[in-house]
Amino acid sequence: MRTETLSIASPLFIAWAVVAAVALVQGALTVFQAVEHRRFHRRRMRAQLDATRLPRVMLFVPCKGRELGLEENLEAFFRQDYAGGCELCFVVESADDPAVAAIEGVRSRFSIVPSRLVVAGLAHGCGQKVHNLMVATSAARHSGCEVFAFADSDARPESDWLVSLVARTCPTRPLVSGYRWMTPERPTWPNVVLAATANRLAGIAGPGELSLVWGGSWAVRLQAFERMGLPQAWQGALSDDLAVSRLAAANGIRVLYEPRCLVPSPVEFTWKSAWEFLRRQFIITRIYTPRWWWVAVAASILPVAVLLISAVAGVVW
């Protein structure tokens, strides 16, 4: 019987060594990024907020359908501890939307808080959420507000969320974003797998240049909003937040990430709805931020490649 000997000059060994070395570098960078991310979070959570001179804010919350815990989510926006003056603007596609009843019910219970309901109509040539925001922000440009803030109806922020978001904005750093932390309503496999997959992205946002806008928790100064050409620049877009991320980069506006604005988002998925959600996110990311998409693909393929090449090498040798 002939026995094969291991040769460091063999193509298989060279391929394995190269891929393994790259994987080790990736692992080291991941550990380094995690340490820096933890330190950044701790520093921001200990920082004192200057809430003495808060600008007037218009908070836009697009809604569609009776989402999970919708009334509790909407109440969280009315309970914000914001002393600078804030008006809530809820936006729906149609007056027949099931969310309208929940919105009106919460508005009646918190009538002391200024709020409005905008019916945007059916979208043409862009995503429905994008169309809703275009209509609502166009109508609010002359409201006297200095800052536009945005949230999703599936988020349930803490009472200091808005002040944490807006207080970090300034004329030189006009765009601030938080992110979402999915919280499964039940410990089912679709809920747990999707939450674990989506929540990994929260570990990327930090003090560097890689932060993107998340549509469920962000704020922008009106001057920067208009500098990016919004709301007209949303026309034809499928994603509101990734379109803003691209416009911000094109206009030299850095997206600041605020850890205090990492908001919980209750979720309830089936395997089918989880797959549809992930598929939509990957497609939109590939269209609007191809660099991020390719980085994610490479980071996902590399560990698998090391495993497969190692297995083949073990069989051959």
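**Working through the fold**

Trainee: Does S245 count as buried or exposed?
Mentor: Start with the cut-offs: buried means under 20% relative accessible area, exposed over 50%, and partly exposed is in between, using a 1.4 Å probe on protein chains only. S245 comes in at 8% relative accessibility, so it counts as buried.

Trainee: Before we go on, which pLDDT do side-chain atom pairs need in this predicted model?
Mentor: Residues are numbered from 1 along each chain as its sequence is written, and side-chain values use heavy atoms, with hydrogens and water left out. The model is predicted, so totals for chains, interfaces and linings use all residues, local features need pLDDT of at least 70, and side-chain atom pairs count only at pLDDT 80 or more.

Trainee: OK, which backbone nitrogen lies 2.9 Å from a polar atom of the S245 side chain?
Mentor: S245 sits in helix α8, residues 240-250 (helices are DSSP runs of H or I with at least four residues, strands are E runs of at least two, numbered from the N terminus). Its touching residues, skipping those up to four places away in sequence, are L212 and V213, where contact means heavy atoms within 4.5 Å. The nitrogen 2.9 Å from the side chain of S245 belongs to V213.

Trainee: How far apart in space are V213 and V255, C-alpha to C-alpha?
Mentor: V213 lies in the loop between α6 and β6, and at 3% relative accessibility it counts as buried. Its contacts include L175, D241 and V255. In sequence V213 and V255 are 42 residues apart, but in space the gap is 6.8 Å.

Trainee: How many bridges join β5 to β7?
Mentor: Strand β7, residues 255-267, has eleven of its 13 residues buried, so the rest of the structure largely encloses it. Strands pair if DSSP finds at least two bridges between them, and V176 has L256 of β7 as its bridge partner. β5 (residues 175-184) and β7 run parallel, and the number of bridges is nine.

Trainee: Within what arc do the buried residues of α9 fall?
Mentor: Those residues are A274, F277, I284 and Y288. On the other side, W271, K272 and W275 are exposed, while the cover over the buried ones includes β5, α6, α8 and α10. For the arc, take the directions from the helix axis to the C-beta atoms. The buried residues of α9 line one face of the helix, because seen down its axis they fall within an arc of 110 degrees.

Trainee: And which residue's side chain makes a polar contact with the side chain of N191?
Mentor: N191 is in helix α6 and is buried, with a relative accessible area of 0%. A polar contact is a pair of N or O atoms within 3.5 Å; within protein, one must be able to donate a hydrogen and the other to accept it, and residues adjacent in sequence count only if both atoms are side-chain atoms. At 3.1 Å, the partner of N191 is T188.

Trainee: Last one: near what omega is the peptide bond from L230 to P231?
Mentor: Most peptide bonds are trans. P231 is in the loop between α7 and α8. The bond from L230 to P231 is cis, with omega near 5 degrees.
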